[in-house]
Amino acid sequence: GGSVTVPSLYAAVKRVWASKWNERAYLSRKASGVEEEELHMATLLMELVPAEMAFVLHTCNPLNGDRNEVFGEVCLGLGESLVGNEPGSAMSFTARKEKGFPSTIRSLPSKPVSHHPPGGKTTIIARSDSNGEDLEGFAGAGLYDSVTVDPTETRVIDYSKEWLVWDAVKRTALMAKLSELAVAIEEEMKAPQDIEGCIVGNTIYILQSRNQIF
């Protein structure tokens with residue numbers, strides 16, 4: 001759709017494949033003793049959702065192993081600033097798996113910029129996928145690049161105008177809704193889940209869910 005052509009799509013796919021050899025990925029494999037031929041790269045081609053916010057949810061708190069607690073992170077814009085190891089932190093929270101999902105803020109957002117779809121265009125994102133998480137002793141998530149066919153727009157964030165920081169009632173409702181959704185997915189998949197998604201208006205999109213790696 002939009003300005004996407006076969007050559008531009010193939011160029012994005014090749015950049016994802018090439019991210020197997022970015023510095024973080026290479027050094028991580030070297031430190032874990034993973035041989036180059038053991039790690040295989042693939043791509044998932046998806047229409048880019050025009051996210052206003054993005055999130056990652058773990059249905060078992062990865063910080064302390066508590067299976068009765070959801071751990072979540074939320075950032076403004078597309079999820080690339082969240083999963084791409086960019087400076088600053090996302091808003092993070094924990095929520096108990098109890099009625100109403102009582103939540104606690106663990107950190108407020110501080111990422112200086114957000115990423116957004118190119119203005120007025122429908123484009124495709126080539127998302128990285130690898131067998132890294134299937135390799136014993138190697139957690140390969142977040143090491144590789146996802147690439148949009150059309151470059152995204154970068155905006156400086158003014159947190160004084162963002163309800164995620166200043167509207168406690170709306171923020172609490174969002175955390176409860178995300179936690180409720182995370183638990184429903186966990187129950188359906190019958191295992192703790194690592195979930196990525198985004199928000200547009202009042203609509204929540206689940207982009208992928210996979211078994212959580214401990």
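On a 1 Å grid over the protein atoms alone, a cavity is a set of points where a 1.4 Å probe fits but cannot get out, and lining residues have an atom within 4 Å of a point. The model is predicted, so local features need pLDDT of at least 70 and side-chain atom pairs count only at pLDDT 80 or more, while totals for chains, interfaces and linings use all residues. Residues are numbered from 1 along each chain as its sequence is written, and side-chain values use heavy atoms, with hydrogens and water left out.

Let's look inside. The largest cavity has about 190 Å³ of space, a volume being the space filled by probe spheres set on the grid points, which are joined across faces, edges and corners. Its lining has 19 residues, and Gly 79, Glu 80, Arg 127, Cys 198 and Leu 207 lie nearest the centre. The lining divides into 13 nonpolar, two polar and four charged residues. Here Ala, Val, Leu, Ile, Met, Phe, Trp, Tyr, Cys and Pro count as nonpolar, Asp, Glu, Lys and Arg as charged, and the others, Gly among them, as polar.

Now for the cysteines. A search of the whole structure finds zero disulfides (pairs of cysteine sulfur atoms within 2.5 Å).

Terms used. 1 Å grid on protein atoms, 1.4 Å probe; cavity = no way out; pocket = protein on both sides within 12 Å on 5 of 7 lines; lining within 4 Å.
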